[in-house]
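Please look through the sequence and the structure below before reading on.

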Amino acid sequence: MNNYNFCVPTDIRFGKGQVECLKTEIGKYGRKVLLVYGGGSIKKTGLYDKIYEVLKDFDIFELSGIEPNPRLSSVKKGAELCKERGIDVVLAVGGGSTIDASKHIACAAFYDGDPWDLVLDRSKVTNALPIFTVLTICATGSEMNPGAVISNEETKEKLEINHPMLYPTLSVCDPTYLFTLPKMQTAAGTADIISHIFEQYFQPNDGAFITDRLSEAALKTCFKYGPIALSEPDNYEARSNLMWTSSIALNHLFTFGKGGAWSVHPMEHELSAFYDITHGVGLAILTPAWMRYVLSDVTVKRFAMYARNVWDVAKEDDYEAAEEGIRLTEQFFVDMGLPMKLSDLGLDDSQFALMASEAVRTSGLAARSYVKLTAEDVEKIYRSCL
Ligand code: NZQ
Ligand code: ZN
């Protein structure tokens, strides 16, 4: 096991009715709340009214319309509001996009320049407002981690800002809020959770036994409950298991004692930066293609271990087991109703070379990922997904 620092300061309030705690908990930090939300799903589900009921004694200011793949322009609006109104607390009600925009707003509120500077140079983050979240889609783990992924629509960059000050202070995770999710968001969110686990599981370090077994349990949870959440949207057991899995899948528990850079996420972030596609959909398309591309004598043992421990594949030959595990993974995404080709999303190869070089430039793909990838490799993987 490698040395590892693990500190997750977010207070998680999990389960039915936990939203009531916001009155007391936000009250510890002040009265002026910036309520941040997306395109309006929280109004349709009644959560918006509930928030106003719980926070009836507070001064609430609103920033609505946060886009899936949240944009820098929204962050700028939010930061201005915080400065003008003297906001005490940022409350994100929604999914990863709303939470990520809120995190960036919370630190941009203390910065006088362009908030994009904070993404490019995290040493410029000097302070952040307390961030509270009410999660309505389980996917990104943003409710329990210090990352925020923001799209700069002018430069077509989608990059992460990651800073300890951006851990949410408290996150309400009530699985009943997931009952209204459209099928495609349930499927894409599950694919995102799975990908987060893969990114940490497929690393060369074999000594972190406990971390690998925890990761396998989390993967089994996704493969068991993803289809149930699709066919029975109000199945509490399925939603609650997926919701907790999404939080621990990206709070660094599954990197404990390991290391390395991620592989599929940097490739996907270029897709959603250039084409504004749903993050989890891009991951589901790229993942089996990446797995096949990097399968080799060096990696086959770990892929075979995945197939045997997660899918109970009984084949003795490592290559046969590994290939069966990859096939089953791909079939799972198909069964979840996810598109499995970039051409299904209307994409062609015109931007592949540029996206591939950007993916390598902005990440650890070429230096530290499980199998190091050049821009040429990444372009080949994109092409195999057409
Ligand atoms: O905008 P509204 O109207 O709220 O609708 C949303 C949105 O259209 C809808 N939705 C959410 N909860 C719902 C609901 N509809 C009905 N009922 C509900 N309960 O779902 C759509 C997607 O929401 P979004 O927040 O975009 O989804 P997600 O949580 O998947 O977030 C994706 C973003 O997070 C980034 C992704 O790149 C992408 O930009 N990521 C953030 C990470 C992090 N902070 O750690 C890591 C991830 O790897 C990822 O990169
Ligand atoms: Zn992700």
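This is a predicted model: local features need pLDDT of at least 70, side-chain atom pairs count only at pLDDT 80 or more; totals for chains, interfaces and linings use all residues.

The domain assignment divides the protein chain into domain 1 (11-177) and domain 2 (181-384). Their centres, taken over C-alpha atoms, are 27 Å apart.

The two domains touch: 28 residues of domain 1 are in contact with 26 residues of domain 2. The size of an interface is often given as the accessible area lost when the parts come together. Here about 2,300 Å² is buried between domain 1 and domain 2, and carbon and sulfur atoms give 61% of that area. Cys138, Lys156 and Lys158 supply 24% of the area that domain 1 buries against domain 2, more than any other three residues. Polar groups also meet across the interface, with 8 residue pairs in polar contact and 2 salt bridges.

Which residues coordinate the zinc ion (ligand 2)? They are Asp192 (OD), His196 (NE2), His265 (NE2) and His279 (NE2), at 2.0 to 2.2 Å. His196 belongs to helix 7 (residues 183-201) and His279 to helix 11 (residues 279-294), so this pair ties together parts that are 83 residues apart in sequence. Buried means under 20% relative accessible area; His196 counts as buried because its value is 2%, and His279 counts as buried at 14%.

Finally, Glu216 is found in helix 8 (residues 209-231). Glu216 has 5% relative accessibility and therefore counts as buried. Its side chain makes a polar contact of 2.6 Å with the side chain of Tyr201. Beyond neighbours within four places in sequence, the contacts of Glu216 are Tyr201, Met305, Asn309 and Val310.

Technical notes
Residues are numbered from 1 along each chain as its sequence is written. Chains are lettered from A and ligands numbered from 1 in the order in which they are written. Side-chain values use heavy atoms; hydrogens and water are left out. Donors are N, O and S atoms within 2.8 Å of the metal (3.2 Å for Na, K and Ca); water is not among the atoms, so sites may look incomplete. Helices (H or I, at least four residues) and strands (E, at least two) are DSSP runs, numbered from the N terminus. Buried means under 20% relative accessible area, exposed over 50%, partly exposed in between (1.4 Å probe, protein chains only). A polar contact is a pair of N or O atoms within 3.5 Å; within protein, one must be able to donate a hydrogen and the other to accept it, and residues adjacent in sequence count only if both atoms are side-chain atoms. Contact means heavy atoms within 4.5 Å. Domain bounds come from an automatic or database domain assignment. Buried area is the accessible area (1.4 Å probe) that two parts lose on being put together, summed over both. A salt bridge is a side-chain nitrogen of Lys or Arg within 4 Å of a carboxyl oxygen of Asp or Glu.
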